[in-house]
Amino acid sequence: MTLFLRQYATFIWLVLFWVLCCIYAPPLAYAVLPISVYLMRRRDMWAAMIFGFLICLVLSDSHPIVVPLEVMKTAKYTYIVALALIVFNDQERMKPLARIFPLFLPFFIYAFFPIIRSPSPISSIEKTMSYALLFLVVPNLVLFNFRRSGWSFFRDLIWFIVLIITSQQLLRFMVPNSWIFVEERFRGYFGNPNGLAVFVYLTFVLFVVVNHLRSDLFSRWAKVFIYGLLTYYIITCGARTSLMSTLMFLLFIQFFRISTFLGIISFVAFIGIGEIISSNLPAIISAFGLQEYLRVDTIADGSGRYMAWNFAWQQINEKGFFFFGGGFDNEYWLMYNARHYLSRLGHQGGVHNSYLAFWLNTGIVGLVLYLRGFVLVFIKATKATPIAMAIMFSVLFSILYESWLAGSLNPYTIMLLIILTIVSEEEIIGSASQEVAFEVPDEGSEESVSPLILPAR
């Protein structure tokens, strides 16, 4: 960690400047962020460009009462546009390009057609374009950084994410605890504890994948520290879905390492056993004395999720969204306009289901096209590493209860794209099996890790 802080000290000060700018001079953020991207480009700070985008998305997800960064919710669009322009300008340097975007291209082309029925066409166009740009920009920048710096880029990325997560503890000294806790559940920088939990879950997956492919990136004590940190947060968030998604991922890794067929059978068995357990869950939780942590009183109504699902399904069938949807952001406006009605039924927030969110936005056609690209990425990745299917099934479970995958500029979809790039790009996977001398420096050492530079194909 100390080595990372020394290496990226200038960038960290730049992030602090962004925060101060957003708090005390919000309009300047629309100019400061893209200018910063181009300055980083001029200084060849390619890794920092990805790190900066990630922290912008994290801060944009924060609750206004915790960190007054409301401007970041819209200023982040200038960041993704600046990144996209750089990728377009430097695409010759980045060739061959990452292969994730072409797999989702049919979905992105189709996603523009439902906009004609959107209740907010301008917002729908912005979100459709930002979603497409995210899938184009992030995999290519990740792959380009890998070609420049090798596996040390992923080591630095994980340390940066660890810095984000640990720095949340500073909020305890800056704001009242009632602002960063929701019913004794820690939310930190994020809008709610479930958001923090999803971020930690995806970080857990990323860390396991990197360690699985290159076990020499981190020292033993660094691994113990990071795994302990992530476990602590996944527990203190009190989010049942993210906890189960993490456990599913760890469990299915063992099965898929043996056989893909065994892994699929175990997933089907898990769903079947889960249905049996869910019908008796309150009694089981109470027997173990975990009724307060797992909020047994909210299980019967699914914390309001079932109300939202029923309402979303009703809108799909009654408002004509079944086949073609109503454009990106349709789900948000439907839930927002019905917020008072849903609140009386015990629900607050979105639809809490990525499948239904895609369905409302792009119809069944768009949902199928998206899942086509999603599955094809993992089928391609499975040929190189068996844990890819464990990632896929745990993500499919997570998005059943959360709608994060249907959002473009949030701190979760970008994490999944980074993971997908690692497990699906042949350059990255292929290098993991090569015998490369790679020394992990001590935290107090001034040595830096020699990057693995791969020849261009």
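Entry 1
I take contact to mean heavy atoms within 4.5 Å. The model I am reading is a predicted one. Leaving aside neighbours within four places in sequence, I looked up what Phe-11 touches and found Trp-18, Met-40, Met-45, Ala-48, Phe-51, Gly-52 and Phe-160. I then turned to the largest nonpolar core, which has 161 residues. Phe-11 is among the residues with the most contacts inside this core, together with Trp-18, Phe-51, Phe-53, Leu-206 and Phe-374. Helix H11, residues 193-213, gives the most to the core, with 15 residues.

Entry 2: Phe-107.
Next I looked up Phe-107, which lies in helix H7. Is Phe-107 buried or exposed? I noted a relative accessibility of 0%, so Phe-107 counts as buried. Leaving aside neighbours within four places in sequence, its contacts are Tyr-131, Phe-328, Phe-358, Thr-362, Gly-366, Leu-369 and Tyr-370. I also recorded the pair Phe-107 and Gly-373, which are 266 residues apart in sequence but 8.0 Å apart in space, C-alpha to C-alpha.

Entry 3: Asn-140.
I found Asn-140 in helix H8, residues 121-149. Asn-140 has a relative accessible area of 3% and is therefore buried, the cut-off being under 20%. With neighbours within four places in sequence left aside, I list Met-94, Leu-97 and Ala-98 as the contacts of Asn-140.

Entry 4: Salt bridges.
How many salt bridges does a search of the whole structure find? The search finds 8. I examined several of them in turn.

I began with Arg-41 and Asp-90, whose closest N and O atoms are 2.7 Å apart. This pair links distant parts of the chain, 49 residues apart. Arg-41 is in helix H3, residues 29-42, while Asp-90 is in the loop between helix H5 (72-89) and helix H6 (91-94). Asp-90 is buried, with a relative accessible area of 6%.

I next noted the salt bridge between the side chains of Arg-99 and Glu-425, at 3.6 Å from N to O. Arg-99 lies in the loop between H6 and helix H7 (100-111), and Glu-425 lies in the loop between helix H21 (413-424) and helix H22 (426-432), so the pair ties together parts that are 326 residues apart in sequence. Arg-99 counts as partly exposed at 30% relative accessibility, whereas Glu-425 is buried at 1% relative accessible area.

I also looked at Asp-216 and Arg-214, whose side chains meet in a salt bridge of 3.1 Å, N to O. Asp-216 counts as partly exposed at 25% relative accessibility, and Arg-214 is buried with a relative accessible area of 3%. Returning to Arg-41, I recorded that salt bridges with shared partners join Arg-41, Asp-44 and Asp-90 into one network.

Entry 5: Helices H17 and H19.
Finally, I looked up how helix H17 (residues 330-337) and helix H19 (residues 354-382) meet. Their axes come within 8 Å and cross at roughly 105°. Which residues make the contact? On the H17 side I found Asn-330, Glu-331 and Leu-334, and on the H19 side Ala-357, Leu-360 and Asn-361. By class, I recorded 3 nonpolar, 2 polar and 1 charged residues in the contact of H17 with H19.

Definitions and conventions:
Residues are numbered from 1 along each chain as its sequence is written. This is a predicted model: local features need pLDDT of at least 70, side-chain atom pairs count only at pLDDT 80 or more; totals for chains, interfaces and linings use all residues. Side-chain values use heavy atoms; hydrogens and water are left out. A nonpolar core is a set of buried Ala, Val, Leu, Ile, Met, Phe, Trp, Tyr and Cys residues joined through side-chain atoms within 4.5 Å. Buried means under 20% relative accessible area, exposed over 50%, partly exposed in between (1.4 Å probe, protein chains only). Helices (H or I, at least four residues) and strands (E, at least two) are DSSP runs, numbered from the N terminus. A salt bridge is a side-chain nitrogen of Lys or Arg within 4 Å of a carboxyl oxygen of Asp or Glu. Axes are lines fitted to C-alpha atoms, for helices over the stretch in contact, and angles run from 0 to 180 degrees between N-to-C directions. Ala, Val, Leu, Ile, Met, Phe, Trp, Tyr, Cys and Pro count as nonpolar, Asp, Glu, Lys and Arg as charged, and the others, Gly among them, as polar.
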